Structure formats: structure tokens, C-alpha cells
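User: I'd like a close look at one part of this model, with the cut-offs spelled out as you go.

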Amino acid sequence: MEIQWLHLKFFRNYLDQEVLFQSGLNILQGENGQGKTNILEGIYYLLTGKSYRVHREQELMSWGENEFHLHGDFLVQKRKLRLESHYKEKRKIIKINQVPCRKLSEYVGTVNVVFFSPDDLAMVKGGPAERRRFLDLHIAQHHSKHIQLLNAYNKVIQQKNALLKRGQNGVKSQLELWNEQMVRIGSEIIKNRWEFTDLLSQKSQEVYGQISSGREKLTMEYHSLGKENLSEALEVFPKLMEEKMALEMERKMILVGPHRDDILFKLNDRSARLYGSQGQQRSIVLSTKLAELEVIRQNKGEYPLLLLDDVLSELDELRRDYLLDYVKDLQQTIITITSAETLTPRASLMLKVENGQIRRFD
Ligand SMILES: Nc1ncnc2c1ncn2[C@@H]1O[C@H](COP(=O)(O)OP(=O)(O)O)[C@@H](O)[C@H]1O
Ligand SMILES: [Mg+2]
């Protein structure tokens, strides 16, 4: 998969900018604060309906504007696709080949993308919410239904929370109804997450072995409801809900469910979050991102677009060489580097980014 053309209008510091890309390695080079990441963010938003950095569309509109528009031409299975994403008057409109999509789930995953930036270290070092978000975004690119499940689950959680906060008498029967919904939808979410953690675990283990000269073994485990085994977790889910109901009413909060699950990265069976060095943690993120690429290729028969934001300067020589060697086999990679970068990889296309303007640079 690849992007051939991008048009950004009123998006971040781009008022009206077109960019032509090529297959292979594309480099966006520029000083800090010029708009390199904004281009990657634009591509990512166009493909997923979400920004990697912020939750609100408000921040994506150029200052002083009330709308933004993104257009892109993509190549998928050798066919050309035009995607559009418009945000105007607080409404999102998305289109594939000029046909509007009713739901984001009809759209996400049409063109797949993997985004990798230094902030992804939070996947290992941060809290469980970061890891669940990474996993959910990954799954959504394969199973559009996963987004619907998450939306439905979040609605149930909100309703149940509101009910617990009101805390009147006689809420028990209502709580039971919400619990049934939580179990029904939550079990599907758990199954999806378990399945993809297993797939990612296998692939990331292979990559990690290659960049750590095989000394350590990386594993990824999905932990749900305190269980390390899927069938046990699914079995215990309704029982736990029942058991904790009185305590939930007392504390006025939800205590059980996959919205509290976690993914554990382990090196030689020890938590990488607690015991891994910074270098090991960076290698885990790199391995997991490349695993994501491979899982998508297996599923879709084609590599997704790879977007690399400032990662070269963060990696040591061994890992940087490994990554640059890896991207040679991909259909398309877009990478940002600052002018200070001493090592400039051989690229199909070099673009210079300066104050929201882009020009070719040979
Ligand atoms: N909504 C916005 N409207 C206009 N400019 C913005 C907006 N958000 C960020 N910027 C500008 O974009 C620049 C940062 O772009 P970014 O792509 O993160 O830079 P870098 O080249 O370092 O990756 C900053 O100069 C910032 O002022
Ligand atoms: Mg940047």
C-alpha cells in the first residue's frame, strides 16, 4: 500500500499544500517546528479518523480557521483509491472514491498504516491505558467491528457508572442488566485483544531475537481479569461481576471489566516495564511496530504504509541499520529527520519542510 498524493487544507500549519510521494523511502527533512510531524499526522488522520497526538479535532484546524480538509490518493492491491476527510462545523465527513461513509468503521482499514515515533516508548513504560490503545488501534485496522464493540462497551460503562454514582435503592436489577451487556460485548473485546496479542507476540519475538543477538526472549501477554488464560478469563468474567456488585455499589465505581486489562511485555519472563533498560524498552517498541507490519501483511497480503517520526536519532547504530535494512523490502516508508541528522539514508524522494511549505530537494 502506498500514498501517491496528499492535499492538506487548513490542517495544522498547512493552509493549502499538495505533496507528491513515491514508492520506497521518502524523507521529510527540516528543522524543528516546521511541520514534518504534521504531515505524518495528516496521513494518519486521513487513514484512521484519529490523530496520534490529540483527541480533539479542534487542535488540528489551522489557527483562526473552523474547518480542515484532507485528500489523498492511495494504491491498494494495485488499485487507486481516493480518500477524503473533512471537518467542518464540528462534523466529520469521510469519503472513499467520493462516496460518503456513514461510520468510521466502514472506512478504517481500507488503507493500513503503522506509525512509529519516540513517544511510543509509553507503550512499554506507561500505564495500561496506553497499551490497550495501541492494541485497539491495531485491531481496528483488521476488524472494523472492533471499533463498534469499543463504542458500545464505552456507552454501557458510562451508563453503569452513572447508575452507580446516583446510588439509589433498587438499582440492583438495573445493574444486572448492564452487567449482562458488559459481559456480552466485553467478552468479544477480550477475544479480539487476546488473538492479536498472540499474533504480535510471535512476530515481535522473532524481530527482538534478531536485534538482541538472541540473548533475551521477548513475550507479550494479554492479562484479563487477573487471568493469563483466555478461557479462564471468559469463564470468570460473569462470576466476578456478580461477586463484586455489592462492593461496586459501595464504592460507586466499576471494578471489573476489560477496560482495566493490560498487556505485559516480558524479557526472559520478567516484566520489561519494571526491569528493562531504556535500550531494551526501545528495542521492544521497535520489534512490536515491525511485528504490526508483518501481521498486517499476513492478513491483507500487502505491507501497510510505514510512517517513522524522528526515530533514527533515538536508535543506536545496530538498531538503526536493522530498521533501514528492513524498510528496503517495504512498499513505502515516510520518515522525518532533522537537518542535524548526520546519517541520511538513500531515498527515492527527499522533501524539504520549511514553515509549512514543502519542496523537492535533490
Ligand atoms: N493548529 C495549528 N495551526 C497552525 N499551526 C500549528 C497548529 N498546530 C501546530 N502548529 C505549528 O506547527 C509546528 C509544529 O509542527 P510539527 O510538524 O510538529 O514540527 P516538526 O517539523 O518539528 O515535526 C509549530 O510551528 C506549531 O506552531
Ligand atoms: Mg516532529
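Which residue forms a salt bridge with Arg282, and how far apart are the closest N and O atoms? Please describe the domain interface around that pair, and finish with the ligand.

Analyst: It's Glu314: the salt bridge with Arg282 has its closest N and O atoms 2.8 Å apart. A salt bridge here is a side-chain nitrogen of Lys or Arg within 4 Å of a carboxyl oxygen of Asp or Glu. Bear in mind that this is a predicted model, where local features need pLDDT of at least 70, side-chain atom pairs count only at pLDDT 80 or more, and totals for chains, interfaces and linings use all residues. Residues are numbered from 1 along each chain as its sequence is written, chains are lettered from A and ligands numbered from 1 in the order written, and side-chain values use heavy atoms, leaving out hydrogens and water.

Now the interface. Domain 1 covers 1-111 + 304-362 and domain 2 covers 122-297, bounds that come from an automatic or database domain assignment. Each side puts 19 residues into the contact (heavy atoms within 4.5 Å). Together the domains bury about 1,900 Å², 63% of it on carbon and sulfur atoms; that's the accessible area (1.4 Å probe) the two parts lose on being put together, summed over both. The rule finds one salt bridge across this interface, plus seven residue pairs in polar contact, both residues at pLDDT 80 or more. A polar contact is a pair of N or O atoms within 3.5 Å; within protein, one must be able to donate a hydrogen and the other to accept it, and residues adjacent in sequence count only if both atoms are side-chain atoms.

As for ligand 1, its oxygen atoms include one 2.8 Å from a polar backbone atom of Asn38, while a nitrogen sits 3.1 Å from a polar backbone atom of Trp63.
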